[in-house]
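Here is a friendly briefing to read alongside the model. It goes helix by helix, then turns to a few backbone details and the chain as a whole.

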Amino acid sequence: MGITQRARGVLRRRDPAETVGTRNAVYGPALPEESTVHLVMDLGLRIGEVQMASGAGASDVTATIIGVVSAYGLPHCEVDVIYTSITVSCYRGTEEVPITSLRVVRNRSIDYTRLSDVEDLVRKITAGGISASDAYAELDRITSAPHPFPRWVATLSWAGMAASLSVLLGGNDHPWLALVAAVATALVDRIGRMLNKRALPFFFQQAVGGVIATSIALACSELRLLSTPTLAVAASIIVLLSGMTVVGSMQDAITGYNVTAAGRIAELALMSAGLIAGVVLALYTGVELFGGLDGGADLRDVGAAQIGSNTDLWIPIQMLAGASTSACFALASYAPPRPLIIAGLGGAVAAGVAGVLTSDQLAGVNPVLAGAIATTVVGFAGGIVTRHLGIPTLVIAVSGVAPLLPGLATYRGLYQIAVAGDPAGMSTLMIAAATGLALGAGVVLGEYLAQPVRTRLGRLERRLSGPRLSGPLRPTRRRLE
C-alpha cells in the first residue's frame, strides 16, 4: 500500500460520522441581523393591513409583502393572507427556526388617500430608494394622519351620490326625487357614524340604514311629495351596497384565495341581510300603518336599474350621472384629486356602455351581461391609465362599479316578497346577486386583459402575473403562486 493510500485512510477514519440531521442540512440565505428582520417583516405586515382594509385582494397583498421583504434582503418568505389576518414566515434553512409574524386586520375604514400614499411608499421600497427604518417611519406617519377631508364632506358626497343615482335610475323627471334621496342618505350616514362610535355591529347599522331610507321615501309618498318612492329607496340601497367588497371577493375567488373569498362573501351576505331586514321591516310597517301605498301596483312593475329613452340626450345624461356617482363615491372614500377625476371618467364609461348595450333601440343586451361588459371595459381602460399615472387601480375599479350596482332590482325583490307576497321576488333577488357578481368579475377580467398592454411599453408578455388591482405590478422576480 502506497503512502498516498495510507494518508487517505487515516483522514477518512478521522472524519466525524455523519448524522441524519447534518447529512441533509440546508442552509438558508444570508440575512440581516434579527432585529432588522423583525422590522422588515412588521413593515410588510402593516402595508398589507392598509391594503386589506381598503378592499385589496389577497393576491395583491401577498405580492406586495413579498416585494417589500425581498427588497430588504429577505428573499425566502411565505405569506398567508386570510380575511382577518396576515401571516409572514421567513425561511432560514433547516438548521434555524423560521421567524414568523402575524397581524390581525381589525380596521376596515376605507381611505384612498392613505392607500395611494402607501403605494407610493411601496414603489420607493422596491426601487431601493429608502431604508427600512425610514420606510417604517413614513408608514407610521401615513397611517396616523387624519383623513384629508372633514367628515361633513364625506356626508355631502354620499348625498350627492344618491342624488346622481336617482337620475341614473330614471327619476330625472321628478324635481323632488333627487332631494329626498340625498337627504335620506345624508341622514343615514350621520346616524351610522354615531352608531359606529358606539361599536354597534355593522349588521344592525345596515338594518338601521335600510329602515331610515325606506321610511323617508314612504313618508314622502304618503305626503304626495313623490309618485315613485321606489327610486329614492333604490338610490339609498346602492349607497349602502357601494362600500362592500364585491370586486375584492371576485378577485380572491378568481385568483385562488378561496378562504379569503369565502370570508368576504360571508361578510357581503351578512351586510346585505341586515339591509334586507331593515328594508323589509320598513315596508311591512309602512303598509300596516298607511293601509297601502299610493301607486303600489306600479312598484311591482318598475323595470331594471337602467335608463331608457328615445331622446338623443339620454345617453350623455346617463354618462354624466354615472360620472357624478363614481366621483362622489371616490370623494366620500377620501380619494386624492387625480384619482377622483379618473374615477369620474370610469363611472361615465361604465354608465354609457351599459346604457348603449341595454337600450332597445341599439343593442338590447341583457342587463347582467351588459354590466359585465361595461365593467370589463372600465377595468381594461383603468388598468392601462392608472398604472401610467401611478394611481391605485382599485380606486377606479370600485368607483366604476358603483353606478351599476343592482339597487333597484334588490328593492323590487324585497317588495315582491315582503309586501306583494309574490314568490317571484326570490328570482329578482337572484338576478340582483348575479348582477353584482358579474360586475366584480368584469372588473377583474378587464384588469387581467390590460396587463400585457401596459407592461414593458406595450409589448406582449408570454406569462401574465394575474389580475392585480393594488400594489406594484411586478415587485419581485419570484413566482407568485
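Helix α7 is mostly covered, with 13 of its 18 residues buried. This is a predicted model, so please read every value below as computed from predicted coordinates.

**Helix α7 and its partner α14**

- The crossing of α7 with α14 is left-handed.
- On the α7 side, the contact is formed by V153, A154, S157, W158, G160, M161, S164, L165, V167 and L168. On the α14 side, the residues they meet are I317, Q318, A321, G322, S324, T325, C328, F329, L331 and A332.
- Sorted by class, this contact has 13 nonpolar and seven polar residues, with no charged residues.
- Just after α7 comes G170, with a positive phi of about 105°.

- How many of the 14 residues of α4 are buried? Twelve are, so α4 is largely enclosed by the rest of the structure.
- The buried set in α4 is A58, S59, D60, V61, T62, A63, T64, I65, I66, G67, V68 and V69.
- The length of α4 also agrees with expectation: its 14 residues should span 20 Å at 1.5 Å a residue, and its end C-alpha atoms are 20 Å apart.
- T62 sits in α4, which covers residues 58-71. Its relative accessibility is 7%, so T62 counts as buried.
- Leaving aside neighbours within four places in sequence, T62 is in contact with V79, V81 and Y257.
- T62 and E78 are 16 residues apart in sequence, and their C-alpha atoms are 8.8 Å apart in space.
- α4 packs with helix α11 (residues 246-255) at about 70°, with axes 8 Å apart. That angle makes α4 roughly perpendicular to α11.
- A58, S59 and D60 of α4 make this contact with Q251, D252 and T255 of α11.
- By class, the α4 and α11 contact has one nonpolar, three polar and two charged residues.
- G73 follows α4 and has a positive phi, near 90°.

**Helices α16 and α17**

- Helix α16 (residues 367-389) packs with helix α17 (residues 393-401) at an angle of about 155°, and their axes are 9 Å apart. The two are therefore roughly antiparallel to each other.
- Is the crossing of α16 and α17 left-handed or right-handed? The crossing is right-handed.
- In α16, the residues in contact are T375, V378, G382, G383, T386 and R387. They meet T393, I396, G400 and V401 in α17.
- By class, the contact of α16 with α17 has three nonpolar, six polar and one charged residues.

**Positive phi outside glycine**

- A199 has a positive phi of about 60° although it is not a glycine. A199 lies in the loop between α8 (175-197) and α9 (202-222).
- Is A199 buried or exposed? Its relative accessibility is 64%, so A199 counts as exposed.
- Y334 is a residue other than glycine with a positive phi, near 60°. Y334 is placed in the loop between α14 and α15 (337-358).
- With a relative accessibility of 4%, Y334 counts as buried.

**The chain as a whole**

- The protein chain holds 19 helices and three strands.
- Of the 481 residues in the protein chain, 49% are buried.
- Which share of contacts between residues at least 6 apart in sequence joins residues at least 24 apart? In this protein chain, the share is 73%.

Key: Residues are numbered from 1 along each chain as its sequence is written. This is a predicted model: local features need pLDDT of at least 70, side-chain atom pairs count only at pLDDT 80 or more; totals for chains, interfaces and linings use all residues. Side-chain values use heavy atoms; hydrogens and water are left out. Axes are lines fitted to C-alpha atoms, for helices over the stretch in contact, and angles run from 0 to 180 degrees between N-to-C directions. Helices (H or I, at least four residues) and strands (E, at least two) are DSSP runs, numbered from the N terminus. Angles under 35 degrees count as roughly parallel, over 145 as roughly antiparallel, 65 to 115 as roughly perpendicular and the rest as oblique. A crossing is left-handed if the near helix is turned anticlockwise from the far one by less than a right angle, and right-handed if clockwise. Contact means heavy atoms within 4.5 Å. Ala, Val, Leu, Ile, Met, Phe, Trp, Tyr, Cys and Pro count as nonpolar, Asp, Glu, Lys and Arg as charged, and the others, Gly among them, as polar. Buried means under 20% relative accessible area, exposed over 50%, partly exposed in between (1.4 Å probe, protein chains only). The expected span of a helix is 1.5 Å times one less than its number of residues.
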